[in-house]
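This report walks through a structure at the level of helices, interface and single residues. Please keep the 3D view open while reading.

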2 protein chains.
Amino acid sequence: MRATVLHAAGDVRIENVPDATLIEPTDALVVISRAAICGSDLWPYKTPEQADIGRRLGHEAVGVVEAIGAEVRTAKVGDLVVMPWAYSDGKCEFCHQGLQTSCVQGGVFGTDEVDGAQAEAVRVPHADGTLVVLPVDEDDALLPSLLTLSDVMGTGHYAALAANVADGKRVAIVGDGAVGLCGVIAARRLGAEQIIILGRHPDRTALARELGATDVVSERGEEAVERVRGLTDGFGVHSVLECVGLTDSMRTAIGIARPGGAVGRVGWPQYEIMPASQPAFFDNVTVSGGPAPIRAYIEELLPDVLQGRIEPGRVFDRIARLDDVPDGYRAMNDREAIKVMVRP
Amino acid sequence: MRATVLHAAGDVRIENVPDATLIEPTDALVVISRAAICGSDLWPYKTPEQADIGRRLGHEAVGVVEAIGAEVRTAKVGDLVVMPWAYSDGKCEFCHQGLQTSCVQGGVFGTDEVDGAQAEAVRVPHADGTLVVLPVDEDDALLPSLLTLSDVMGTGHYAALAANVADGKRVAIVGDGAVGLCGVIAARRLGAEQIIILGRHPDRTALARELGATDVVSERGEEAVERVRGLTDGFGVHSVLECVGLTDSMRTAIGIARPGGAVGRVGWPQYEIMPASQPAFFDNVTVSGGPAPIRAYIEELLPDVLQGRIEPGRVFDRIARLDDVPDGYRAMNDREAIKVMVRP
């Protein structure tokens with residue numbers, strides 16, 4: 001079969017690799033209907049560590065079950081399923097509390113643990129704990145939105161929960177990438193009264209407005225903090241969704257949080273130490289978040305996608321066949337595309 | 001009247017100062033029955049900034065109302081009252097949401113804003129929003145415990161809330177000072193199943209055990225993390241109360257938190273940047289806390305003190321008359337005393 005392999009900085013290739021197969025009796029083999037390129041794929045793409053070289057990338061997918069191990073009970077051959085970016089056994093203490101990303105038997109697709117999903121097929125460990133069967137066909141028009149349940153929509157939702165978004169709150173989203181845009185959808189869905197997006201890409205912030213953003217702030221740093229305060233009676237917002245992961249974006253996130261507010265951070269942190277720790281303390285700002293346990297949210301978000309109440313699939317602005325995946329990475333890295341959907 | 005004045009590092013003196021008086025119609029004048037020396041008083045005591053010199057220190061007190069301004073409605077002359085470390089108007093958005101420390105008209109005793117309470121009397125701004133009338137006499141045996149409602153008991157309680165302490169949870173408290181000991185009381189009161197105190201002073205950890213701690217960890221750094229994990233099925237605790245405020249203690253606090261857990265920090269942070277930000281992120285550990293809005297908790301904690309269900313007054317192990325306050329500072333700074341009660 002063919003799959004995406006990372007060779008070097010800026011160099012991903014589509015190669016022939018051994019066919020994906022069942023290994024454990026709890027595995028499922030899934031033929032990919034749609035996969036995606038994630039903003040987090042760009043970190044190894046731009047600056048691969050030694051361990052990243054040779055990796056088979058991709059951790060978001062919707063596909064059809066081709067085969068199941070002897071112990072799999074939930075998914076049947078022929079089912080259309082969505083696959084979270086992290087697999088999990090569904091049985092451990094952490095799975096039970098909805099933190100499947102800390103599953104004691106869990107792991108992440110596109111790492112040493114298990115191969116990636118930007119491919120013709122993928123082996124899914126712990127299929128019963130991981131996969132969710134979708135009640136539609138492979139050619140359904142909702143497939144792009146359903147695909148976002150494997151990562152970005154769930155991640156935006158988790159950021160909103162971590163930031164305590166609730167009815168009537170003032171909310172800001174730092175970052176206008178796909179996760180930030182899904183954060184706008186999540187904030188609106190949870191009843192936010194004001195939704196400010198901080199971003200500098202006119203096409204993305206325009207989409208953010210269509211998805212529910214009430215205000216756009218294109219400034220950065222202290223100027224951004226001043227703008228947001230000006231929009232929020234001087235005090236800042238109750239909830240900040242930090243969807244970037246850089247020191248400056250985190251500093252801004254804390255700076256625009258209202259006393260007693262919360263920052264839900266889902267941007268993969270490129271900083272080892274957290275800035276603005278003292279302002280966060282003295283304003284009683286909670287910092288929460290982490291890798292989003294999106295498996296916990298698929299059942300909750302699914303009806304809203306199926307009934308068209310949310311349209312997270314709009315974050316995809318480009319479709320690539322497998323051969324075009326390398327150019328898809330380039331396009332996302334160059335900010336030419338918001339998010340690329342892969343159709344093997 | 002006489003009051004405590006900071007002169008230089010390690011040099012506080014009791015001096016004659018102008019009598020405290022009413023200034024605003026919302027003020028109350030309170031004659032101090034009991035005040036206290038706080039761990040946070042030791043920071044300006046040890047390393048005063050220029051602005052600290054000449055300050056009249058003290059922000060914890062129980063006393064009798066001597067006079068009230070024309071607009072004061074809650075407290076009457078002769079009432080015994082407890083005074084939170086921060087005053088607040090009780091009317092603004094932040095007061096209404098229980099974050100009185102961010103009151104738009106608020107401030108802190110013992111600063112430029114208003115004089116301190118280690119004195120014969122103190123002016124209390126915004127008396128209606130600040131003071132709580134106590135239903136006992138000035139000579140009541142419960143006075144030490146009631147005095148802790150002005151800061152340390154409320155601060156331990158806030159740390160526990162910020163760390164999401166709840167029934168059946170595993171909890172750790174970093175720091176065996178008065179706030180840490182009150183954190184033990186708070187964790188027990190909120191139903192924690194396991195309460196681990198991290199501290200190195202045998203007298204304090206012994207008291208912690210009497211107050212409800214189930215385990216004592218005297219190691220530090222990585223060794224402490226290993227010990228706590230060994231006591232908690234390998235994963236760490238659900239809730240950590242960080243009651244120190246140093247970089248190392250914060251790093252330990254994050255290190256012993258279970259995936260999905262929370263750190264409630266109330267130790268005045270001496271670090272500008274937060275360590276272990278990436279571990280906190282990757283384990284989905286929430287970091288919350290700040291200056292404790294203890295005014296929000298007095299009514300809730302008061303019945304438990306009055307009925308003897310909690311005895312936070314046990315953190316006081318020394319009583320000083322005003323003249324002995326300088327030696328009280330020395331004793332606390334030398335770790336000879338846990339916490340000094342002042343009886344003018």
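## Helix α5 against helix α6 in chain A

In chain A, α5(A) passes α6(A) in a right-handed crossing. A crossing is right-handed if the near helix is turned clockwise from the far one by less than a right angle, and left-handed if anticlockwise. Val152(A), Met153(A), Thr155(A), Gly156(A), His157(A), Ala159(A) and Ala160(A) make the contact from α5(A). From α6(A) come Ala178(A), Val179(A), Cys182(A), Gly183(A), Ile185(A), Ala186(A) and Ala187(A). Contact here means C-beta atoms, placed from the backbone, within 7 Å. By class, the residues are ten nonpolar, four polar and none charged. Ala, Val, Leu, Ile, Met, Phe, Trp, Tyr, Cys and Pro count as nonpolar; Asp, Glu, Lys and Arg count as charged; the others, Gly among them, count as polar.

The geometry is as follows. Helix α5 (residues 152–162) and helix α6 (residues 178–189) of chain A pack at about 60 degrees, with axes 7 Å apart. That angle makes α5(A) oblique to α6(A). Under 35 degrees would be roughly parallel, over 145 roughly antiparallel and 65 to 115 roughly perpendicular; the rest is oblique. Axes are lines fitted to C-alpha atoms, for helices over the stretch in contact, and angles run from 0 to 180 degrees between N-to-C directions. Helices (H or I, at least four residues) and strands (E, at least two) are DSSP runs, numbered from the N terminus.

## Model and numbering

This is a predicted model: local features need pLDDT of at least 70, side-chain atom pairs count only at pLDDT 80 or more, and totals for chains, interfaces and linings use all residues. Residues are numbered from 1 along each chain as its sequence is written, while chains are lettered from A and ligands numbered from 1 in the order in which they are written.

How many residues of α5(A) are buried? Eleven of the eleven are, so the helix is largely enclosed by the rest of the structure. Buried means 20 or more other C-beta atoms within 10 Å of the residue's own, exposed means 12 or fewer, and partly exposed lies in between; C-beta atoms are placed from the backbone. Among the buried residues are Gly154(A), Tyr158(A), Leu161(A) and Ala162(A). The buried residues of α5(A) pack against α6, β13, β14, β15 and α11 (298–306) of chain A. Just after α5(A), Asn164(A) takes a positive phi of about 60 degrees.

## The helix pair in chain B

Chain B has its own α5 and α6 pair. The axes of α5 (residues 152–162) and α6 (residues 178–189) of chain B come within 7 Å and cross at roughly 60 degrees. That makes α5(B) oblique to α6(B). The crossing of α5(B) past α6(B) is right-handed.

## How the chains meet

A rotation of 180 degrees with 0.0 Å of shift along its axis superposes chain A on chain B, with an RMSD of 0.0 Å. That is the relation of a two-fold axis. The superposition is by least squares on the C-alpha atoms of residues with pLDDT of at least 70 in both copies.

The contact takes 26 residues from chain A and 26 residues from chain B. On the chain A side, β14 (257–265), α10 (277–282) and β15 (286–289) each supply at least two residues. That side divides into twelve nonpolar, eleven polar and three charged residues. The copies meet through the same surface, because 100% of the interface residues of chain A are also interface residues in chain B.

## Positive phi in two loops

Asp233(A) is not a glycine, yet has a positive phi of about 50 degrees. Asp233(A) sits in the loop between α8 (221–231) and β13 (237–242) of chain A. With 10 C-beta neighbours inside 10 Å, Asp233(A) counts as exposed.

Ala276(B), also not a glycine, has a positive phi of about 55 degrees. Its loop runs between β14 (257–265) and α10 (277–282) of chain B. Ala276(B) counts as buried, with 22 C-beta neighbours inside 10 Å.

Val30(B) lies in strand β3 (residues 28–36) of chain B. Val30(B) is buried, with 29 other C-beta atoms within 10 Å. Its C-alpha is 6.4 Å from that of Arg123(B), 93 residues away along the chain.

Gln194(A) belongs to strand β11 (residues 194–198) of chain A. Gln194(A) is partly exposed, with 17 other C-beta atoms within 10 Å. Beyond four places in sequence, Gln194(A) is in contact with Arg170(A), Val171(A), Thr214(A) and Asp215(A).

How values were computed
Two residues are in contact if their C-beta atoms, placed from the backbone, lie within 7 Å.
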